[in-house]
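Welcome! Take a moment to look over the sequence and the model first.

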Amino acid sequence: MTVAERLRTSGGGRTARNGAPRWLRELVVPTHWSMLLGPVAVVCFLVLLLTGVVLTFFYEPSAQPVVHDGSSALYAGRELPAAFSSVVTISEDVPGGQLLRRVHRVASYLFVATILGHLLRVFLGGAFRGRRATNYLLGMVLLLLAIVLGWTGQNLIYDVVTGSSVRIGHTIASSIPWLGPELAALVFGGPDASDAVPRLFWLHVLVLPVVFVAALGLHLWLVVRHRHTVLPRRRTPDGRTVVATASGEGLRSRLLLLGLLTAAVLVLASVLVPFGDVEHIGPFVPGAASNDMYPDWYLLFAEGGIALLPAVDVAVLGTTITNPLLGGVLLPGLIGVAVLGYPLVERLFRRRPAAELDVTERAVEAPGRVAFVTAVAVLVTVLSLGAASAVVAEILVVSPQSVMGVLRVALVAAPLLAAAVAYWYARRQRG
């Protein structure tokens, strides 16, 4: 049954003739909370744009030393990198600056988290099938752009974390065969963290946002063109059958309410939790980079890959395979290729009538898909724990070497075991 047929059957095909454009009246929106993840991500992006524009007026994209002339009791009169000094000034002397920085930071976390959740819903529900495969690939591109946006923004602060992060990023980029040195020079401008600040600034405030907006526009256009998938038939407590509602019915007011609620949550979280406060972390000082600094949560897996995979230095076809290449490029790349290529594999072994491709599946209807998602999630979790092995060892009161040994075994065994359990559970639930 097609979407239109299901709408007619369920009574959801009533569209408001309230002046909304035709494409909006004909767009159907499934009635489930998980469908809000995508819109919340868009709201977070708008918040990031608005707060980022304001912050840009006060930020100095330079690592040149300056004497901090702000009112900070900790840094007043001290020589600081210009970028870090401007961040301290925003936090201490610009009215509302601290709150603005925190909102910007927490919005970036929620931005990546909701995109991941949105992709997870699409994947488990099989919404990548058929004509929606292109939009699924575009969603993966948006996730990658969101992660790079977060990484470049984190390093603009020029605090202690920046030193380790840029050093690792430059090493990973340089390890790419044949193109590495040129790519690293293009992105970072040089091996020093001070060289990277101006490049990362323009990437963060201009290049990446423009590319993201273009990709997001194409993504939304494809959603309208290909129609949204609908949920399986279900009944409400009053006996009505509901699978979707026509979006023309109050969509703009619902989106406005969602935007206000999301903004309120971001502000409340920023008031309660000191997201992004850097005063007590300190500026990056060349030669004083520490391995105890960690990237944002969504990048831990890349750093963990470098930590867990063995150190190698093998010459192959005129290039050298190194540990940063294995853990920072090849392993994340393989995970990405597997997630991108899964729809093609499923298409070969699990064909469905075209009409069914418009209906979101229950996750347990595809046990193989559940097993794949579980394996990837466990793999990324183990890699992330590898980045924080010192913290794990301290919590468990064991040696870091013991933790690394267990994680290296888990890196191979845990995804396979978890996938087998998930597959068995999904098949049992499916009946």
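Predicted model: local features only at pLDDT ≥ 70, side-chain atom pairs only at ≥ 80, totals over all residues.

The protein chain holds 15 helices and eight strands. Of its 431 residues, 48% count as buried.

**The chain as a whole**

- An unreviewed UniProt entry places the feature "transmembrane region" at residues 35-59, 106-124, 136-157, 201-224, 255-275, 325-345, 370-393 and 405-426.
- One of these annotated spans, residues 255-275, is 86% helix and 0% strand. Its end C-alpha atoms lie 26 Å apart.
- Another of them, residues 405-426, is 100% helix and 0% strand, with 31 Å between the end C-alpha atoms.

**How helix 11 meets helix 12**

- Two packed helices are described by the angle between their axes and the distance between the axes.
- For helix 11 (residues 300-308) and helix 12 (residues 323-349), the angle is about 140° and the axes are 7 Å apart. Angles over 145 degrees would count as roughly antiparallel, so helix 11 is oblique to helix 12.
- The crossing of helix 11 and helix 12 is right-handed.
- Helix 11 brings Phe-301, Ala-302, Gly-305 and Ile-306 to the contact, while helix 12 brings Asn-323, Pro-324, Gly-327, Gly-328, Leu-331 and Pro-332.
- By class, the residues in this contact of helix 11 with helix 12 are six nonpolar, four polar and no charged.

**How helix 5 meets helix 10**

- Helix 5 (residues 97-124) and helix 10 (residues 251-272) cross at roughly 120°, and their axes come within 9 Å.
- The crossing of helix 5 and helix 10 is right-handed.
- On the helix 5 side, the contact is made by Leu-99, Arg-102, Val-103, Val-106, Ala-107 and Leu-110. Helix 10 contributes Thr-262, Leu-266, Val-267, Ala-269, Ser-270 and Val-271.
- The contact of helix 5 with helix 10 has nine nonpolar, two polar and one charged residues.

**Two residues with a positive phi**

- Most residues other than glycine have a negative phi.
- Tyr-158 has a positive phi of about 60° although it is not a glycine. Tyr-158 sits in the loop between helix 6 (133-155) and helix 7 (160-174).
- Is Tyr-158 buried or exposed? With a relative accessibility of 3%, Tyr-158 counts as buried.
- Val-397 is also a residue other than glycine with a positive phi, near 55°. Val-397 belongs to the loop between helix 14 and helix 15 (400-430).
- At 72% relative accessibility, Val-397 counts as exposed.

**A look at Val-392**

- Val-392 is part of helix 14 (residues 389-396).
- The relative accessible area of Val-392 is 21%, so this residue is partly exposed. The cut-off for buried is under 20%.
- Which residues does Val-392 touch, not counting residues up to four places away in sequence? Val-392 touches Leu-385 and Val-403.
- Val-392 and Met-404 are 12 residues apart along the chain, and their C-alpha atoms are separated by 9.7 Å.

Terms used
Residues numbered from 1 in each chain as written. Heavy atoms only, no water. Axes fitted to C-alpha atoms, helices over the stretch in contact; angles between N-to-C directions. Helix = DSSP H or I, 4+ residues; strand = E, 2+ residues; numbered from the N terminus. Parallel < 35°, antiparallel > 145°, perpendicular 65-115°, else oblique. Left-handed = near helix turned anticlockwise from the far one by under 90°. Contact = heavy atoms within 4.5 Å. Nonpolar A, V, L, I, M, F, W, Y, C, P; charged D, E, K, R; others polar. UniProt positions renumbered as here; feature names shortened; annotations may be inferred. Buried < 20%, exposed > 50% of the residue type's maximum accessible area, 1.4 Å probe, protein only.
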